[in-house]
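Student: Hi! Could you walk me through this protein? I'd like to start with one of the helices.

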Amino acid sequence: MRIRSDGYVLVGYAYEHVVVAEKALGKPLPLKAKVHHLDEDRANNAGNNLVICEDQAYHAMLHLRMKSLRATGNPNLRQCYCCKEWRQTESFFRRKNGKLISICKECAKKKKNALYPNRKAKVLKYQAAYYSQHAGEIKARTKQWYSKNREPILARRRERKNHGQPRHASKTT
Ligand SMILES: [Zn+2]
Ligand SMILES: [Zn+2]
């Protein structure tokens with residue numbers, strides 16, 4: 001038995017925590033399973049200090065929750081790597097796979113604004129230029145759309161007038 005430089009204990013060629021976990025489980029660990037040390041001491045392989053996790057994602061989540069608990073007393077917060085604040089998970093954007101991004105929404109916005117300081121002004125300027133260049137075309141398109149949709153729009157308006165509640169109830173009483 002020897003302790004590796006990273007703190008894990010080896011029995012022959014096997015990790016001691018894996019040997020203990022497999023003994024408790026009565027069979028080899030599933031391929032993706034990870035063994036977690038409750039007290040985070042990799043050399044403490046007592047049975048009641050080990051938790052078998054189904055995969056590394058679950059294991060990593062346990063570590064995040066423990067870190068949050070130690071830092072704030074609440075296991076549900078996550079730390080933003082940018083402002084170092086501990087925040088509710090709603091304060092972070094998520095990736096498509098559901099994982100939280102490790103920078104908070106506030107910092108992400110600040111960074112974006114710092115990267116593109118004149119972005120909004122540029123967009124507005126571009127839009128204004130586009131409209132002035134294509135004014136006739138846009139007006140014609142709008143007119144065309146309206147003439148196509150005129151009947152249903154007018155019908156809806158009549159419907160509201162005849163059957164619907166008056167828009168300003170107070171004015172009619
Ligand atoms: Zn662990
Ligand atoms: Zn932040």
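Tutor: Happy to. Helix H4 covers residues 119-133, and its 15 residues should span 21 Å at 1.5 Å a residue; the end C-alpha atoms are 21 Å apart, so the two values agree. Keep in mind that this is a predicted model.

Student: Let's zoom out. How many helices and strands does the protein have?

Tutor: There are six helices and nine strands. The radius of gyration is 31 Å, well over the 16 Å that the globule rule gives for 173 residues, so the protein is more spread out than a compact globule.

Student: What does the C-alpha trace span along its principal axes?

Tutor: About 85 × 45 × 35 Å. On burial, 5% of the 173 residues count as buried. And if you take contacts between residues at least 6 apart in sequence, 20% of them join residues at least 24 apart.

Student: Which domains is it divided into?

Tutor: Domain 1 is 1-76, domain 2 is 78-117 and domain 3 is 119-166. The C-alpha centres of domain 1 and domain 2 lie 29 Å apart.

Student: Now the strands. In what order do S1, S2 and S3 sit in their sheet?

Tutor: The order is S1-S2-S3, in an open sheet with antiparallel pairing. S1 (2-3) and S3 (14-15) are at the edges, each with a single partner strand, so one side of each has no neighbour in the sheet.

Student: How many bridges join S1 to S2?

Tutor: Two bridges, and the strands run antiparallel; S2 is residues 9-11. Across that pairing, Arg-2 stands opposite Leu-10 in S2.

Student: And S8 with S9, in what sense do they pair?

Tutor: Antiparallel, over two bridges, with S8 at residues 92-94 and S9 at residues 100-104. S8 and S9 make a hairpin with five residues between them, and Gly-98 in the turn has a positive phi of about 95 degrees.

Student: Which residue stands opposite Arg-94?

Tutor: Leu-100, in S9.

Student: Which residues is Leu-100 in contact with?

Tutor: Leaving aside neighbours within four places in sequence, Leu-100 is in contact with Arg-78, Thr-89, Phe-92 and Arg-94. As for His-59, that residue is 41 residues from Leu-100 in sequence and 15 Å away in space, C-alpha to C-alpha.

Student: How far is Val-18 from Asn-74?

Tutor: Their C-alpha atoms are separated by 30 Å, and along the chain they are 56 residues apart.

Student: You mentioned glycines with positive phi. What is phi for Glu-40, a residue other than glycine?

Tutor: Near 65 degrees, a positive value. Glu-40 lies in the loop between S4 (34-37) and S5 (50-53), and is partly exposed, with 13 other C-beta atoms within 10 Å.

Student: And where is Lys-84 found?

Tutor: In the loop between S6 (78-79) and S7 (86-87). Phi of Lys-84 is near 70 degrees, again positive in a residue other than glycine.

Student: Why does Lys-84 count as exposed?

Tutor: Because Lys-84 has 9 other C-beta atoms within 10 Å, and 12 or fewer counts as exposed.

Student: Great, thanks for the tour!

Methods: Residues are numbered from 1 along each chain as its sequence is written. Chains are lettered from A and ligands numbered from 1 in the order in which they are written. This is a predicted model: local features need pLDDT of at least 70, side-chain atom pairs count only at pLDDT 80 or more; totals for chains, interfaces and linings use all residues. Domain bounds come from an automatic or database domain assignment. Helices (H or I, at least four residues) and strands (E, at least two) are DSSP runs, numbered from the N terminus. The radius of gyration is taken over C-alpha atoms; the globule rule is 2.2 Å times the number of residues to the power 0.38. A residue is buried if 20 or more other C-beta atoms lie within 10 Å of its own, exposed if 12 or fewer, and partly exposed in between; C-beta atoms are placed from the backbone. Two residues are in contact if their C-beta atoms, placed from the backbone, lie within 7 Å. Two strands pair if DSSP finds at least two bridges between them. The expected span of a helix is 1.5 Å times one less than its number of residues.
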